[in-house]
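Subject: Structure handover

Hello,

Here is the structure I promised to pass on. My notes follow below it.

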Amino acid sequence: MHVQQFDLDMMQVALACANEAGAAGDIPIGAVVVDASGSIIAKGHNSREALNDPTAHAEILALRAAAHELGSWRLTGCTLVVTLEPCPMCAGAVVMSRVARLVFGAWNLEYGAAGSNWDLVRDRRLNHRPEVLGGVMAEECGTLVRGFLAPHRMQQEA
């Protein structure tokens, strides 16, 4: 599977969402849900700090907003574009929401569940498996997260 211009364009939107999270003091991860016609129906960015909610990941917030917009939890035909490979919680939400495609940027070597550490989204035991395209604009997405986390990790080591 190869990267299409659509994927690059939507990743740019997700990166803009990620920057909003970073500006608000949260890990800069952004997500966009696009319907089958190619229209953006929802956006989200990490908001765990702002909401004091451990589930307020970019993917979860974007999927919730998309379900609300469509009036259905079934996001059949939709694409989720996110700047970082989803964690197990978010990968589970992708499967449960019936998203058709998952496009992500940087690989999440710590918590990734879409091909790096686990491959929950393509587990043959599940009743739904989205098409997955990883590594789209990986350098840009990864640099954003690493740049945010570097000072935090240095404080922990001190």
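Is Met137 buried or exposed? Met137 is buried, because its relative accessible area is 13%, under the 20% cut-off. Please keep in mind that this is a predicted model. Met137 sits in the loop between β5 (131-133) and α5 (138-157). Its phi is positive, about 55 degrees, although Met137 is not a glycine. Most residues other than glycine have a negative phi.

Asn52 is another non-glycine residue with a positive phi, near 50 degrees. Asn52 belongs to the loop between α2 (48-51) and α3. With a relative accessibility of 69%, Asn52 counts as exposed, since the cut-off for that class is over 50%.

Overall fold

The protein contains five helices and five strands. Read from the N terminus, their order is α-β-β-α-α-β-α-β-β-α. For 158 residues, a compact globule would have a radius of gyration near 15 Å, and the protein agrees with this at 15 Å. Along the principal axes, the C-alpha atoms fill a box of roughly 45 × 30 × 30 Å. Of the 158 residues, 47% count as buried. Taking contacts between residues at least 6 apart in sequence, 57% join residues at least 24 apart.

Surface and charge

The accessible surface comes to about 8100 Å², and carbon and sulfur atoms account for 53% of it. There are 12 positive and 17 negative side chains, with the centres of the two sets 9 Å apart.

Helix α3

Helix α3 covers residues 58-70, which makes 13 residues. From its first C-alpha to its last it reaches 18 Å, close to the 18 Å expected at 1.5 Å a residue. Its buried residues are Ala58, Glu59, Ile60, Leu61, Ala62, Leu63, Ala66 and Ala67. The elements that cover these buried residues include β1 (30-34), β2 (40-45), β3 and α4 (88-96). Just after α3 comes Gly71, with a positive phi of about 75 degrees.

Thr79 in strand β3

One of the elements covering the buried residues of α3 is β3, and Thr79 lies in this strand, which spans residues 79-84. Thr79 counts as buried because its relative accessibility is 8%. Beyond its neighbours within four places in sequence, Thr79 is in contact with Val32, Val33, Val34, Val99, Arg101 and Val103.

Regards

Technical notes. Residues numbered from 1 in each chain as written. Predicted model: local features only at pLDDT ≥ 70, side-chain atom pairs only at ≥ 80, totals over all residues. Heavy atoms only, no water. Helix = DSSP H or I, 4+ residues; strand = E, 2+ residues; numbered from the N terminus. Rg over C-alpha atoms; globule rule 2.2 N^0.38 Å. Buried < 20%, exposed > 50% of the residue type's maximum accessible area, 1.4 Å probe, protein only. Contact = heavy atoms within 4.5 Å. Areas by Shrake-Rupley, 256 points an atom, 1.4 Å probe, with all protein chains shown as cover. Lys, Arg positive; Asp, Glu negative; His and termini not counted. Charge placed at Lys NZ, Arg CZ, Asp CG, Glu CD. Expected span 1.5 Å × (residues − 1).
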